[in-house]
Each structure stands twice: as C-alpha cells, then as structure tokens.
Amino acid sequence: MRGLVILVTLCGVVFGRAQISGEQQNVEEEINPVEIIDDSQFTKESEATTEAVYSERKAKYRFLPDQYNEESSPVGVSRTCREKNERYSIPGSCDRYIECLNGTAEEKTCPDGLRYNPNVNFNVYPCQYPIDVPCLERSAGLQPAQPTEDCPHQFGYFKIGDAKNCSGFRNCVNGVAYDFTCPEGLAFSSETYRCEWPDESKDCDAEAFLGFRCPPVPESRELGAPAGFRFYRSPSNCQNYFLCINGKPRRLSCGGYSAFDESSESCISAVDIPECPLELRTRAAQIIEEEKQRNTAEAAFARLRYAQSEDVTESSTVSFDA
C-alpha cells in the first residue's frame, strides 16, 4: 500500500514538472517569437488559402535584404512551387530565377549579358536583353562577365567606333561577334539598341559624324530665334541635304537622279541643279527624254485603241441597220 502511494506521488511530480516546462516554453516563445515559414501551409486545402499564403510570403520576400551566394539560393528564397509550372525572381539578382517544372523547383541563371524578365508568359523564354528588363532594384546581383576576344559579354548589342564614327554596332551571340552598319545618316544608340538620328544618340557627335555644322540663325530682339526647320544642300553631294533642328544636323537624301533645290526646299531633277556633276546631270537628262518618249508612245497607243473601238462600234451599227 505504501509503495502504491509513493508511485502515485512520483507520477504527480513528473506530470507537474512537464506541465510547468511546457508553460515555461510557451512563455519563452511569446517573449522571443521566431518567424518560421512552414511549407505545410502550401498544401492544397483550398485555392483561396493557398493564394493568401503565397501573397503573404511574397510580401515578406520583397523586403528581404539583397544577399547573393553563388553556391546556393539567396537567404529567404523559397523553393516551393505554388503552381506546377511557374517562374519567379530571386531577390538581389537580375539574372537568376526559380523555375518550377511539373512541381519541381530549380534555380537557373540567364546567359551572360541577358536578364530575367518576370513579366513574360511561361511559354516565352524569360532571359532577354537589358533594354527590355528594368532591373534597378536587382542590379547588384549580376553574374561576372564572360568576355571573349570580340565581345564584352556573351550576349548583347554594343556600339563600335568612336563619337565621329557612330554607325557601327555589334551583336554578340554565344560570344561570337556579328558586325552591322546603320543606314546612311543614322547612328547606333546604346540606350535604345536602334539606329537613331545622330543628334538623338548620346554616343555620337552629330556634326563630326555627318561632316556638317548648321549655320547660325540670326535672332531678332522682338521675335527671338526664327521658328521652324532649316534645310541646306550638302556642299559635297548635291543629292544630299541637311535638316537642322535645334542647331544639330540630320542628313537626308534625294533618290534616283534628282537633287536638292534650296530655293524650293525640295528634290527636283538634277538637270536643273548646276552644282551637280556633269555625269549626273547628263544621266538625268537621258531619264527625262526616255520618260517623254514613253509617255508619247503610251498616248499614241491609247489613241489607236480608241480609234479601233470607234470603228467596231460603227460597223456594228451599220450591220444592225441593214
């Protein structure tokens, strides 16, 4: 009997200590809360619950500091797939992302020179040129460049030449360079990756590139600078002319055998422009003569067809009257 009493007493003491320990642990957790992201929250209990949890997690990641580790995902990046097939950015990186295929998450890196675009559809390749992917908040996390002999990055568009030679650019694909030249009078812009007017490209000295300086336009005290554009024929080529906008030139050209006339500010036949070389004016005169002969022949043919149609009409009328 005494042994039974002792055993009951011991059980009570052990249970009491366990209860006190559990209460103490709860108190400690309340005092020092630790945020734990439990992946079990992402079970498909309901679509609404899943969406709410994902949004909450996404909001938390948005404010995580930029941290970068080449051997593993940055701190705080979840490898849990909300959908079977999806992608999402890695905080602190412009070219790394998480891709989920059939529910399996994998960290990937875009080729050197390209950046991850989180705004494209899943069926579109997400690595694109920097001009198409604003990445200011993630710019610190770019992978080191992998240059070749001709390319500063494996992929990209790059200006070649200096401010006086602005028309050339290079497209690098897998570290292989392909060189191109903009159409005559245009310059490559490293900001837009396009051929622009030289005065609109910050990489180009428009006057040095085109070899023309816009003459100063006199201003009046009452009206200020004259409004509108100014046109000037090129001193070296009568078929070319310059359009001056805000004192900066743009080169244009007349086609065929025409040349620029400053008095009418238009392209007319080179025959009427004494500044054009003799060969061009002679060829222009030949073109005019050939055009005149062609028009004469077409007019004669049209009259012949008309006369034939008149004869057929008269013959049919006589036959009917008979």
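Buried means under 20% relative accessible area, exposed means over 50%, and partly exposed lies in between (1.4 Å probe, protein chains only). Keep that scale at hand for the whole tour.

This is a predicted model, where local features need pLDDT of at least 70 and side-chain atom pairs count only at pLDDT 80 or more, while totals for chains, interfaces and linings use all residues. Residues are numbered from 1 along each chain as its sequence is written, and side-chain values use heavy atoms, with hydrogens and water left out.

**Stop 1: the whole chain**

Show the cartoon. The chain has four helices and 15 strands. Helices (H or I, at least four residues) and strands (E, at least two) are DSSP runs, numbered from the N terminus. Of the 322 residues, 30% are buried.

Switch to the surface. The accessible surface of the chain is about 21,800 Å², and carbon and sulfur atoms hold 53% of that. Such areas come from the Shrake-Rupley method with a 1.4 Å probe; for residues, only the protein chains shown count as cover.

Now think about contacts, meaning heavy atoms within 4.5 Å. Among contacts in the chain with a separation of 6 or more, 35% are between residues 24 or more positions apart.

**Stop 2: the disulfides**

A disulfide is a covalent bond between the sulfur atoms of two cysteines. Here the test is a pair of cysteine sulfur atoms within 2.5 Å. How many disulfides does the structure hold? Eight. Visit three of them.

Select Cys-214 and Cys-244. Their sulfur atoms sit 2.0 Å apart in a disulfide. The link is left-handed, with -95° about the S-S bond. It connects distant parts of the chain: Cys-214 is in the loop between helix H3 (206–210) and strand E11 (230–233), and Cys-244 is in strand E12 (residues 240–245), 30 residues apart. Are these two cysteines buried or exposed? Both Cys-214 and Cys-244 are buried.

Next, select Cys-238 and Cys-276. A disulfide joins them, S to S 2.1 Å. The torsion about this S-S bond is about 115°, so the disulfide is right-handed. Cys-238 lies in the loop between E11 and E12, and Cys-276 in the loop between strand E15 (266–269) and helix H4 (278–321), so the pair ties together parts that are 38 residues apart in sequence. Cys-238 is buried at 7% relative accessible area. Cys-276 is also buried, at 2%.

Then select Cys-151 and Cys-172. This disulfide has an S to S distance of 2.1 Å. The link is left-handed, at -95° about the S-S bond. It joins distant parts of the chain, 21 residues apart: Cys-151 in the loop between strand E5 (127–128) and strand E6 (156–159), and Cys-172 in strand E7 (residues 168–173). Cys-151 is buried, at 2% relative accessibility. Cys-172 is buried too, at 0%.

**Stop 3: the E11–E12 hairpin**

Select E11 and E12. Two strands pair if DSSP finds at least two bridges between them. E11 and E12 pair in the antiparallel sense over four bridges. They form a hairpin, with six residues between them. Which residue in E12 is the bridge partner of Phe-231? Pick Leu-243.

**Stop 4: a nonpolar patch**

Select Val-173, Val-176, Tyr-178 and Phe-180. They make a nonpolar surface patch of about 340 Å². Patches are made of residues with over 30% relative accessible area and no salt bridge; like charges are joined within 9 Å, and nonpolar side chains (Val, Leu, Ile, Met, Phe, Trp, Tyr) within 5 Å. Strand E8 (residues 176–181) gives the most to the patch, with three residues. Val-173 is placed in strand E7. Val-173 is partly exposed, at 30% relative accessible area.

**Stop 5: salt bridges**

A salt bridge is a side-chain nitrogen of Lys or Arg within 4 Å of a carboxyl oxygen of Asp or Glu. The count by this rule is 15.

- Select Arg-170 and Asp-179: their side chains meet in a salt bridge, 2.6 Å from N to O. Arg-170 is buried at 19%, whereas Asp-179 is partly exposed at 45%.
- Select Arg-194 and Glu-196: the closest N and O atoms of this salt bridge are 3.1 Å apart. Glu-196 is buried at 13%.
- Select Arg-283 and Glu-290: this salt bridge spans 3.8 Å, N to O. Arg-283 is partly exposed at 29%, and Glu-290 is partly exposed at 38%.

Finish with Arg-87, Glu-99 and Lys-108, which are linked in a network of salt bridges.
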